[in-house]
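Subject: Structure handover

Hello,

Here is the structure I promised you. Please open it beside this email and follow along.

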Amino acid sequence: MDRGIRIARLFGINIYIDWSWIFIFLLVTWNLTAFVFPALHPEWSFGLHLLTGVGASFLFFLSVLLHELAHSLVAKARGLPVRSIILFIFGGVSNIEREPPSPGTEFLVAVVGPLTSILLGIVFLILGGSTAFNSGLPLDSPMLALRQLDPLPTLLLWLGPVNIVLGLFNLIPGFPLDGGRVLRSILWALTDSLRTATRWATLVGRVVAWLFIITGIAMAFGLRIPFLGTGFVSGLWLAFIGWFLHSAASQSYQQVLINDVLEGVQVERVMRLGTPTVPPGITIDQLVEDYLMGTDEHAFPVMENENLVGLICLDDIRKVPRTEWNNTLVSQVMTPASELEVVSPRQDVMDALNRLTRRDVRQVPVVQGGRLVGMLRRRDIIRWLQLHDDLSTSR
Ligand SMILES: [Zn+2]
């Protein structure tokens, strides 16, 4: 889903900032300006704390963007279309349009993000370290050296570890974290089944998410956790991330269930037969009077001499002012056959559903050998899914 403000277009990928991102940007900047840098350099002015804080925060989110760009560019190089990158409250998301075709591709696309973060971290550490080293600081006493650092090395030596932690955090094997995708690709290669692999990877993802939630709540109540510390805000934050990961894992699992139910089901089993068709030469008035009233169809195939020439749906009719209904012909407002998405009866319903979603339409004509054989409607697919989900005991 594309949302928020578009800030750039890089390598043909739209980069968006979600509104929630502004909150996290301000929070990180405030934390640096008010706590982290004043603790290290109490002698700096507020202006310098703020400048360093904003700079560090900005470079941090640039690092997050580079992490996502790494995912996206490898995906593109492997032939997967990438629609957008969104920065939001929990980091970044690359919207890759298709599931990876092979475990190898999934592995590469997933692993390159954390690797980029870790590499960036090392580069920042080297840059910051060499700047500090060149200025002849007392390196035998790290704490003393740290306190004497200029703003630039301070900022770099903060960015380094933060990026490395970000990279390592993303390698936690909880789907949909990058590490979870790496795990899924390995399971996929081992079991030769994307469904089985996703099922297990999302299960591990849910367990990891629950661990985050429980640990976070424990921290919020004052328990001290090794490496994570304690505190109400950081505990709540961890629990919040856990909750987000849990819902994302559940969604992926639902996608697997849909794939499961629709696997091997062909369009002809779900399509609607005997949909009323209309001729192109009638007016909208006639269409409404003679066809639309007394039916719950939303769309009508337009037929001329047994040939499908277009499709007219409620949305097309709504575009015509009521006063024009008696002198506007169906052929003038219908979607012509040349622009129409059609499916064949032997096609997989899953493929067809993806096409419906991509084109944002509610139905497509089913055509075989140039002849209309039925209509595939989104609501019929949903009914099929509900029916089969209700019947299955393993929910
Ligand atoms: Zn990532």
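In what order do the three strands of the open antiparallel sheet stand? The order is 5-6-7. Two notes before the details. This is a predicted model: local features need pLDDT of at least 70, side-chain atom pairs count only at pLDDT 80 or more, and totals for chains, interfaces and linings use all residues. Residues are numbered from 1 along each chain as its sequence is written.

Some terms come next. Helices (H or I, at least four residues) and strands (E, at least two) are DSSP runs, numbered from the N terminus. Two strands pair if DSSP finds at least two bridges between them.

Strand 5 covers residues 299–304 and strand 6 covers residues 307–313. They pair in the antiparallel sense over six bridges. Met 303 has Leu 308 as its bridge partner in strand 6. Glu 304 has Asn 307 there.

Strand 2 (residues 13–17) and strand 3 (residues 82–88) pair in the parallel sense over four bridges. Asn 14 has Ser 84 as its bridge partner in strand 3. Touching means contact: C-beta atoms, placed from the backbone, lie within 7 Å.

Phe 11 sits in the loop between strand 1 and strand 2. It has a positive phi of about 50 degrees, although it is not a glycine. Is Phe 11 buried or exposed? Phe 11 is exposed, because 10 other C-beta atoms lie within 10 Å. The cut-offs: buried is 20 or more other C-beta atoms within 10 Å of a residue's own, exposed is 12 or fewer, and partly exposed is in between, with C-beta atoms placed from the backbone.

Domains and cores

The domain assignment gives domain 1 (5–171), domain 2 (192–263) and domain 3 (267–391). Such bounds come from an automatic or database assignment. The centres of domain 2 and domain 3, taken over C-alpha atoms, are 41 Å apart. Their contact takes four residues from domain 2 and five residues from domain 3.

A nonpolar core is a set of buried Ala, Val, Leu, Ile, Met, Phe, Trp, Tyr and Cys residues joined through C-beta atoms within 7 Å. The largest one has 48 residues. Ala 56, Leu 159, Phe 212 and Leu 245 have the most contacts inside it. Domain 1 and domain 2 both give residues to this core, so it lies between them. A second, separate core has 15 residues, including Leu 262, Leu 353, Val 366 and Leu 376.

Why does the span of helix 7 agree with its length? At 1.5 Å a residue, its 27 residues (194–220) should span 39 Å, and its end C-alpha atoms are 38 Å apart. The expected span is 1.5 Å times one less than the number of residues. Buried residues in helix 7 include Leu 194, Ala 201, Val 208 and Phe 212. Just after the helix, Gly 222 takes a positive phi of about 100 degrees.

Asp 192 is in the loop between helix 6 and helix 7. Its phi is near 65 degrees, a positive value in a residue other than glycine. Asp 192 counts as exposed, with 10 C-beta neighbours inside 10 Å.

Finally, look at Pro 176, in the loop between helix 5 (151–170) and helix 6 (178–191). The peptide bond from Phe 175 to Pro 176 is cis, with omega near 10 degrees.

Best wishes

Definitions and conventions
Contact = placed C-beta atoms within 7 Å.
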